[in-house]
Amino acid sequence: MNHTKRILQLDGLRLVMILLIIISHFEFLLDFSYGGFYWRYLHNPTLPVDYFFMLSGFGIYYGANIKSHPQKNDRFKIKEMVAYALVKIRRIYPIYILSLVISIPYNVISRVEYYGQSLIGAIGKTVFLFGVASTLLQSATGISIFANAINGVGWFLSALFVSYMVAPLFLRFCNRVVKGLYGSLMAIAGVVIVILMLTYLLGLVEINHYFNVPFDYLVYGSPYIRCFYLLLGMLVAKLHIQIMANELALKLAARHQRLFELQEVAIVGVAVMYFAYRNSLMITALTARCFDLIICIAFILTMSLGFGKFSKLLSNPKIVKLSDLSMYLFLLHLPVVSIVVYVWKSYIGYFGPLTGVLEVMTIFVLTFVLSLAVKKHMPELNNRICSIFKRHFEVS
């Protein structure tokens, strides 16, 4: 069976997930009368973040298996694995560095005004953390002061970068070890169990501060767990390909189209309800992570099949085109949030509940304008950097 190079509805869904992540960083809304509603129903970045990690793995496996020629992606040499990761992030790295530069003024000002540091000390610490963040290895420390250095969302790209280093091993595992539909399902269940076990064990490390090291970001933001989200995404992509290549499954979908459409509605409904009420559920963090994984897997697989109206809506060319801004919006929104909130508090002031709405509108407008401007003017720099990578790393 022929496969398209892109699954448009998954691309379109990126825009929705990015908007949910941006909204989750509007903590300043807690200062208003509707802050409780925001915190309970809208402050939940977990599912969107999980989606992007799994989508990255999905894209790697799907892209590697729809090409007619095999890729050199199953090597074990460390140098080549690092090169693979470098090539994967080469296009977004300049935007990431730009986001760090934009974040510098607020970092310095906040250290002076909120933490009482001297100007020289604030500049020195900011420069040091800038150096740490620029390596894209900060998430591997498992310490939030480094993982969230300069631009608080940088941990995501860092964890993704480190996870990319082991992606070739995961690809080899999926292609050579996992066989058949049943094998894919068993592998997905196995990886979910591994993630839950690591969540429990690394949670103990965070609680007990072994070796007197203040680990506090191992469970949520470290690549030691997040790399397995990439593997889950790969296995879901494998399952997707197996289903789409199964004539019986396609005949059933054609014969019972209404039933499959209702299935998609049900999955989307469950995901939306879980997103809204996750913060209100009286469950342990480990149980919540289990639900997160199951819902995200079911959601991605269902949407990738494209049998329902939601997936058709998300594959609209206008939505897909807007979704190309996703990573720009992700990396640039938090510096914009920090600056807008600081300026509003320091120079404009609050004048009632409408203030929060105006701040939200200002942040969205500035973030989109900045993202569009960067996307328009960064290609030349990106091309130069990409050519440097190509000369030094022969990795597809």
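Residues are numbered from 1 along each chain as its sequence is written, and side-chain values rest on heavy atoms, with hydrogens and water left out. As the model is predicted, local features are given at a pLDDT of at least 70 and side-chain atom pairs at pLDDT 80 or more, whereas totals for chains, interfaces and linings use all residues.

Helices and strands are taken as DSSP runs, numbered from the N terminus (H or I with at least four residues for helices, E with at least two for strands). Helix H9 (residues 180-208) packs against helix H11 (residues 223-244) at an angle of about 165°, and their axes lie 10 Å apart; axes here are lines fitted to C-alpha atoms, for helices over the stretch in contact, and angles run from 0 to 180 degrees between N-to-C directions. H9 is therefore roughly antiparallel to H11, on a scale in which angles under 35 degrees count as roughly parallel, over 145 as roughly antiparallel, 65 to 115 as roughly perpendicular and the rest as oblique. The contact of H9 with H11 comprises 20 nonpolar, four polar and one charged residues, where Ala, Val, Leu, Ile, Met, Phe, Trp, Tyr, Cys and Pro count as nonpolar, Asp, Glu, Lys and Arg as charged, and the others, Gly among them, as polar. The crossing of H9 and H11 is left-handed, a term applied if the near helix is turned anticlockwise from the far one by less than a right angle, with right-handed used if the turn is clockwise.

Helix H11 also packs with H14, at an angle of about 35° and with the axes 10 Å apart, and this crossing is right-handed. On the H11 side, the residues that meet H14 include Tyr 229, Leu 232, Val 236 and His 240, and their counterparts in H14 include Leu 293, Ile 297, Ile 300 and Ser 304 (contact means heavy atoms within 4.5 Å). By class, the contact of H11 with H14 has twelve nonpolar, two polar and two charged residues. For helix H13 (residues 257-277) and helix H14 (residues 285-305), the axes come within 10 Å and cross at roughly 145°, in a left-handed sense. Among the residues of H13 that meet H14 are Glu 264, Ile 267 and Tyr 274, and those of H14 include Phe 291, Asp 292 and Phe 299. The contact of H13 with H14 has eleven nonpolar, one polar and two charged residues.

The largest nonpolar core has 109 residues, a core being a set of buried Ala, Val, Leu, Ile, Met, Phe, Trp, Tyr and Cys residues joined through side-chain atoms within 4.5 Å; buried means under 20% relative accessible area, exposed over 50%, and partly exposed in between (1.4 Å probe, protein chains only). The residues with the most contacts inside this core are Phe 26, Phe 28, Tyr 51, Phe 53 and Leu 232, while helix H8 (residues 154-176) gives the most to the core, with 13 residues. With neighbours within four places in sequence left aside, Leu 232 is in contact with Met 54, Ile 188, Val 191, Val 192, Ile 195, Leu 293 and Ile 297.

Phe 58 is buried, at 3% relative accessibility, and its contacts beyond four places in sequence include Ile 7, Leu 10, Val 236, His 240, Ile 300 and Ser 304. The C-alpha atoms of Phe 58 and Thr 141, which are 83 residues apart along the chain, are separated by 26 Å. Phe 52 is likewise buried, at 9% relative accessibility, and touches Arg 14, Met 17, Ile 18, Ile 21 and Phe 156, residues up to four places away not being counted. Between Phe 52 and Leu 160, 108 residues apart in sequence, the C-alpha to C-alpha distance is 9.6 Å.

Pro 168, which lies in helix H8, is buried with a relative accessible area of 3%.

Most residues other than glycine have a negative phi. Leu 136, in the loop between helix H6 (119-134) and helix H7 (144-147), has a positive phi near 65° and is buried at 2% relative accessibility. Ile 150, in the loop between H7 and H8, also has a phi near 65° and is buried at 8% relative accessibility.
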